[in-house]
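Here's a quick walk through one model, with a helix pair, a couple of peptide bonds and some ring geometry along the way. Have a look at the structure first.

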Amino acid sequence: MWFAARLPVVHRSRLRAVGHYPRSVATRFPAGRFTLWVLDVGLACCAVEVVAASLRAAAEPVDDRPADVLVVAGTLTDTMAPAIARLYAELPEPKHVISFGACADCGGPYWDSYCVTKGVDQLVPVDVYVPGCPPRPEALLDGLRLLESRIDAGASVFDGNDHAAGRAGLR
């Protein structure tokens, strides 16, 4: 390629080690009576809307604070599925999941692709579904408020036998 010749060659011995990323970076979302600590897994364009929602809610990122809510935003491929399952397993109890966007809900416009997982609910139990392609930032804030109201009510947020209870989220 024409631009490859223009790049400077750097020997490996001259590269300096870069600091490691924190194990998890949770974002503090003030949500009424609760403060929800959200771990955003931005897999595609929906991640931009999650960032916009965090700016709108004056959310603050905090290092090394375990998250309460896992937000899966974007197209989940079969390659990324084990990583999402591992992130869910590492969340402390009680753990909650928000599926953000049509791709995370059901595969979106890529549902018929051989490598797309047909919804994050095939891997982990989902508490709130936020539809849209892409959903607006306000939709995530509404989803967090809905999750907060379900937590506040003390009701079982997800019942493994009733997927419709989780899907009753935002319409």
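Helices (H or I, at least four residues) and strands (E, at least two) are DSSP runs, numbered from the N terminus. The model is predicted, so local features need pLDDT of at least 70 and side-chain atom pairs pLDDT 80 or more, while totals for chains, interfaces and linings use all residues. Residues count from 1 along each chain as its sequence is written, and side-chain values use heavy atoms, with hydrogens and water left out.

In general, most peptide bonds are trans.

| Cis bond | Omega | Where the proline lies |
|---|---|---|
| Glutamate 93 to proline 94 | about -10° | loop between α2 (81-90) and β5 (96-100) |
| Cysteine 133 to proline 134 | about -15° | loop between β6 (128-130) and α4 |

On to α4 itself (residues 137-153), which packs against α1 (residues 46-56) at about 70°, axes 8 Å apart. Axes are lines fitted to C-alpha atoms, for helices over the stretch in contact, with angles from 0 to 180 degrees between N-to-C directions. The two helices are therefore roughly perpendicular (65 to 115 degrees). From α1, the contact (heavy atoms within 4.5 Å) takes in Glu49, Val50, Ala52, Ala53 and Arg56, and from α4 Pro137, Glu138, Leu140 and Leu141.

Finally, the rings. The charged end of lysine 95 sits over the ring of tyrosine 88, 4.6 Å from its centre; that label takes NZ of Lys or CZ of Arg within 6 Å of the ring centre and within 35 degrees of the ring normal.

Technical notes: Angles under 35 degrees count as roughly parallel, over 145 as roughly antiparallel, 65 to 115 as roughly perpendicular and the rest as oblique.
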